[in-house]
Amino acid sequence: MSNYFKDQGKRGENAELQEELASTDKNKKRDAVKKVIRDMTLGKDVAGLFTAVVNCMMTPNLEVRKLVYLYLINYAKTQPDLAIMAVNGFVKDCGDPNPIIRALAVRTMGCIRVQQISEYLCEPLRRALKDSDPYVRKTAAICVAKLYEISPDLVTDQGFIDTLNDMLGDGNPMVVSNAVAALAEISVRGTPKALVLKNSTVTKLLNVLNECSEWGQVFILDVLSSYTPSDKTEAVNILERVKPRLQHANSAVVLSTTKVIVKLLDIVTDSEVVRTYVKALGPPLVTLMSNEAEIQYVALRNIILICQKRPSVLSNEVKVFFCKYNDPIYVKMEKLDVLVMLANENNIEQVLMEFMEYATEIDCEFVCKAVRCIGRCAIKLQGAAERCVNVLVTLIQTKVNYVVQEAIIVIRDIFRKYPNKYESVIGTLCENLDTLDNSEAKASMVWIIGEYAERIDNAGELLDGFLESFSEETTAVQLQLLTATVKLFLKRPQIAQEMVKRVLALVTHESDNPDVRDRGYMYWRLLSTNPEAAKAIVLADKPTIEDDTNLIEAALLEDLIGNLSNLASVYHKRPTAFIDRKKANDSMDDYEEAEEPDSAQATAKHPQGSREQESAKAPVVDMLMLDDPVAPATQAVRETKLDDLLSLDAPAPTQSARSQGADLLDMLGGPSPAPASSGQLPTLLAADKGNGMEMHGAIKQVNGQLGYELEFKNVSSTVLNGINFQMNKNLVGLALKAPLQTPDVPPGGSHRVTVALASDPSKIEVKPHAGNAGGNVVQLAVKSNLGVFYLTDSIELAAMTTPGFSLAPNVYMSTWQNLPAENQTVKDLSGFPMNNPNAIEQALQVSMGRRGRGRF
Amino acid sequence: MISAVYLINLKGEILIYRAYRDDVSRAAADAFRMQVLAAKEFRSPVQVFEKASFFHIRSSNVYLVAATRENVNASMAFQFLFALVEVFKGYFGGAFEEEAVRENFPLVYELLDEVMDFGYPQSCSVDLLKTFIMQEGQQLDPGRALVAASLAPAQVTGAVSWRREGIKYRKNEVFLDVVENVNLLMSSKGTVLKSDVTGEIVMKTYLSGMPECKFGLNDKLMMQGEGKKGGSGSIEMEDVSFHQCVKLGKFDSDKAVTFIPPDGEFVLMKYRVSDNINLPFKVSPIVKELGRTRLEINVKVKAQYSSVTGLNVIVRIPLPPNTAKVTTTAAAGKAKYEPETSELVWRMRKFPGDTEYALSGEVEMSARIEDKKPWSRPPISMEFQVPMLAASGLHVRFLKIYEKSNYNTIKWVRYISKNGQYLNRI
């Protein structure tokens, strides 16, 4: 059999296969079908064999028939007309005496997502739902969900939802659980009334739970978790019924049970009951930690949520979460978070020893997080702060570069939390100044020096050392240096007078970063007008900080608890934040803020963040660099606040700044025809595909002139130049009037340009394009120093037509009749009010009004 | 629900792609394959690429990947992938490898069709699947295959979905293996940071008909359930989890373990004990760094059990990566430096009870100038098997089997304690 994979790439293979498929020899036929499936697996296009393969469908060999079905599922969509050929076979199979064949036919038919087939599916499906064999019924139940995906109306009209609800009382547990799964999916996808949990339904489901397969239990438990019992007694009753599931070997059953229990405990008020169940949750969660690493990972992400909701669940189990040397890194990282959550005055000694042990491991990211966790423990547990600081000092003495840097960052936070308590360690910190290369560590160190300037004898010298390389530092470090110098000056004016002048001159004259420059101006003004006020503001007491690294905002936490075991609980994000459905997009913005802390890790890897910052800067500079900035007190106050939010110093690009940037670009680009869509052009070429060149564009009409509006963004590290742009022949013969002229685009920059287009009859080409792409596709080519790329775009009808143009009816008629016959094609439009001219006119106007929707 | 399942080899090539829904295509996995699998960049077993989430696990040289665009039950997705491995192993004779997948791709597709429908896991019991999905080679002629197949569905969906009816054995036998994995984490100062036993009771049944089994251990709770006092011989289990055949309701109410077992081998229950564990071995290591280029090692291992003998005992002592020369003297067994893993591996085939062996050695390292990081001193790990020892003190008190025909059953019970993560920090 292995030779199926070897003899590839022969000429005319498909033709050969075609012959073999038609062979009368059973074995030859079987082998041919297998070869087709192999090719399909390898990603080769075998769509051309459709007819030949479908002809093999009626083979008595079940194995071959299943392979033919597999082929059908994959290719029916591309050849809907031919797929109809298979329908008869399916319908016939649905009446087969063998339940396996009946189920197979229903299952496969449901997978063929072709509208025409679905209509034929209804009758057999109805029969299958009432089949005498449970195997057929359980398959049919899922099939209803499949049909709903293709055609929701069909499902509701045919009354399948009621049938499914009836099936909840079926005697067979697997039928019930599949019906539950199907109903749950339908209710999520748009018919919320499909599954209404009533008291009686819940009782039915609880009864079935004991006998279901492991997966069936998961479907049912997941549905139960969304049920709100009418009173406490019912809640306790459900709790009792689901609790035994915690002993199941399948982790999904355990976690789904946990979800049901944690949610129900909100309703129960009897503290004794709550205590019992909270206690019962602990051991099963611990058991999950002896599963495979992947399952442990899901469990750990869930445990973080459960511990925040019910802190006592695992309070005595801290040892379970000690990292093993060969745990995968993703398990170790999560364990660290859990350890901090479970740390208390009693176990802190052990936990700290663990963290210290981890700090000697190899994975840099893990080590840094372990060090950070020590700091979080110090902030969380006042009584243990001193021990934590001692451990940090020990670690700093190891002189391992990244350990030292991380420790310094952490100590900064400890100083914030417990001011004037542990300055004795400053001496140790200062020994390591020259090893610092991480900007956060540097910024932290500088902050510490500024904050304790009066106790560090050589604070001036130390800062001076940093100032030498001022221009090479990151913004965060520059801001800290500026503030620290001002603090030093306010505390010990005699030694820092010259220095503060120098720094202020440096930032106001030489820095091209608006944030740094502005802060410099503000300090300057503040110091020169009222030094006392400056003192009060710059040296004010800072608000205390808490360890909130892992705290999830209450509303989000509730949502995530309802999603335990689901992906949402793994990502710690609401489902709407990562599920790509049209509906989801509308509510996205509301959630953005809540997600920020968690997505920080992910976004850090995207270079995009900094790029946006870059482009947002330009307009900001112009707005803030007014010639005569009045320095009202309010501004200064705001500034100190900024100063206090130490870690927030690097300004995140705000939404408003970004959109302002876009608006400015628009203004430069002249009046745009459709303001609503002008800010963002559709993406033609993504940066990762274009070697760092990102390209957006759309065909638009500006002042009656047709043009291709293009935007090139350079995400690469080199200058983008020599951009050339060409359009292939297309349906309406659009071509460039003149070659595209673009300047060089520096790294991080972008260029927007509109090239005029004209219709040229010689460039017209009508050809049916491959696949389901319509004829309105235009092929494009872009050449630059980053390479040549071929892309496609579609020509929008709305962009091509002349607005406000009307034609006298008789002229239109004659033009129409003069068209040669070969230019006509006929197509039946269903669902269109053909006999009502007014309705047609109205429909056309609506679609023309909605720019961009009308495509041909 | 799950949209597609991929089997991908270590090079990142797709061996099998089975779509259950049409929202994640074959090509959609490309970014994931290249950036995660081929690049071996595993910072999380679930990752998002182009709005689709990819779950992956690895079994020998194949990655099993499930993709979805929805908020699916993540632990279910992983459990399903692991169940899939078991199914394939059951069909491929115990080993699941790339070659087996390539050679049996029609069978793989057939199985994938049966174990999941529209992204919802269905029956994953190998025993039952085998009743109607044949392996190649032993395939019956088509007509008969269909007849055999028609018997299957009732059992697939039945309440006892893990056992088919009409099983017959001439000799009815049950084998119970109590396999205990002993986990230990010992600090460098010799204090036990964490120790527990994760045990499994593996059952092999060759029983006719539909036998109902009842099973008793010396667990305090279980004994109380039977109305007996959990006396001095009893142990305290922290948690237990059972195979799906065990009636959980019954266990919850009266602590009785009753079940109708699947045919053949399965894990009946898993448990965890962390109090009063008899650690089989005590390791006392001394690893001294003498300057930057020399190490002195002294490891003593003491067997803390008596009257039984440990087998295949291996002590792995990590050494710095720049180790150049190792000289050792061992009281028993052989010690050898293995440069691939930078470990000194000390093997003893037999380790009688109540004995102590010692190993001493000297290590010379090549001086490396660029190496600034100190050696991370990974922990010493141990591997061992001690037959007829249950480190947790557990023992099986009874196993009763009831069947209509009332046949006699031969029962065998074995115990073995093995290493789990048996780590001594140095």
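Me: In the predicted model, how many residue pairs are in polar contact between chain B and chain A?
Reply: A polar contact is a pair of N or O atoms within 3.5 Å; within protein, one must be able to donate a hydrogen and the other to accept it, and residues adjacent in sequence count only if both atoms are side-chain atoms. This is a predicted model, in which side-chain atom pairs count only at pLDDT 80 or more. With both residues at pLDDT 80 or more, the count between chain B and chain A is 39 residue pairs.

Me: Which element of chain B gives the largest share of the side that touches chain A?
Reply: Helices are DSSP runs (H or I, at least four residues), numbered from the N terminus. Eight residues, the largest share of that side of chain B, come from residues 74–91, which form helix H2.

Me: How many salt bridges does the rule find across the interface of chain B and chain A?
Reply: The rule requires a side-chain nitrogen of Lys or Arg within 4 Å of a carboxyl oxygen of Asp or Glu. A:Glu365 forms a salt bridge with B:Arg43, with the closest N and O atoms 2.3 Å apart. Across the interface, the number found is 12.

Me: About what area do chain B and chain A bury between them?
Reply: Buried area is the accessible area (1.4 Å probe) that two parts lose on being put together, summed over both. Contact (heavy atoms within 4.5 Å) involves 88 residues of chain B and 105 residues of chain A. Carbon and sulfur atoms hold 56% of the buried area, which is about 8600 Å².

Note on methods
Residues are numbered from 1 along each chain as its sequence is written. Chains are lettered from A and ligands numbered from 1 in the order in which they are written. This is a predicted model: local features need pLDDT of at least 70, side-chain atom pairs count only at pLDDT 80 or more; totals for chains, interfaces and linings use all residues. Side-chain values use heavy atoms; hydrogens and water are left out. Helices (H or I, at least four residues) and strands (E, at least two) are DSSP runs, numbered from the N terminus.
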